[in-house]
Amino acid sequence: MPQPNSHSTFRFGEFELDISAYQLRRGGQPVHLERHPMDLLILLIWNDLSTTNSVLSFFVHSFFFLQEAARVAVEEL
């Protein structure tokens, strides 16, 4: 399970979730995650519903893929 530091920042895989700043970073760079996926990610971490870094990383990568697919679909309309 990701471990928090004193600033409510959780690290898992290549990601860092700063809850107090409501920001997700990859390799130190901010990445965009829509509000609902971000809220769900925070909920998973706070409630210890996900126990491994790989599960959390898969969750984030899945939402990145879905966001990009939705963007492409809208552009093609």
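Four strands make an open, antiparallel sheet in the order β1-β2-β3-β4. Two strands pair if DSSP finds at least two bridges between them. Helices (H or I, at least four residues) and strands (E, at least two) are DSSP runs, numbered from the N terminus. This is a predicted model, in which local features need pLDDT of at least 70, side-chain atom pairs count only at pLDDT 80 or more, and totals for chains, interfaces and linings use all residues. Residues are numbered from 1 along each chain as its sequence is written, and side-chain values use heavy atoms, with hydrogens and water left out.

- Axes are lines fitted to C-alpha atoms, for helices over the stretch in contact, and angles run from 0 to 180 degrees between N-to-C directions.
- Strands of a sheet pair through backbone hydrogen bonds, either parallel or antiparallel.

**Hairpins**

- β1 and β2 run antiparallel and are joined by four bridges. Phe12 stands opposite Phe15 in β2.
- Two residues separate β1 and β2 in their hairpin, and Gly13 in the turn has a positive phi of about 55°.
- β2 and β3 also run antiparallel, with four bridges joining them. Here Asp18 faces Gln23 in β3.
- The hairpin of β2 and β3 has four residues between the strands. Tyr22 lies in this loop. Tyr22 has a positive phi of about 50° although it is not a glycine.
- Tyr22 counts as partly exposed because its relative accessibility is 37%. Buried means under 20% relative accessible area, exposed over 50%, partly exposed in between (1.4 Å probe, protein chains only).
- β2 is covered on both faces: Phe15 and Leu17 are buried on one side, Glu16 and Asp18 on the other.

**Helix α1**

- α1 lies across β1, β2 and β3 (23-26), at about 90° to β2.
- α1 has 12 residues and spans 16 Å from first C-alpha to last, close to the 16 Å expected at 1.5 Å a residue. The expected span is 1.5 Å times one less than the number of residues.
- Pro37, Met38, Leu41, Ile42, Leu44 and Ile45 are the buried residues of α1. They cover an arc of only 160° around the axis, which puts them on the same side of α1. The arc is that of the directions from the helix axis to the C-beta atoms.
- Arg35, His36 and Trp46 are exposed, on the face of α1 turned away from its buried side.

**Nonpolar core**

- A nonpolar core is a set of buried Ala, Val, Leu, Ile, Met, Phe, Trp, Tyr and Cys residues joined through side-chain atoms within 4.5 Å.
- The largest has 16 residues; Phe12, Leu17, Leu24, Leu41, Ile45 and Val60 touch the most other members.
- β1 (9-12), β2 (15-18), α1 (35-46) and α2 (53-76) each supply at least two residues of this core. α1 gives the most, with five.
- Val60 touches Phe12, Phe15, Leu24 and Leu41, not counting residues up to four places away in sequence. Contact means heavy atoms within 4.5 Å.
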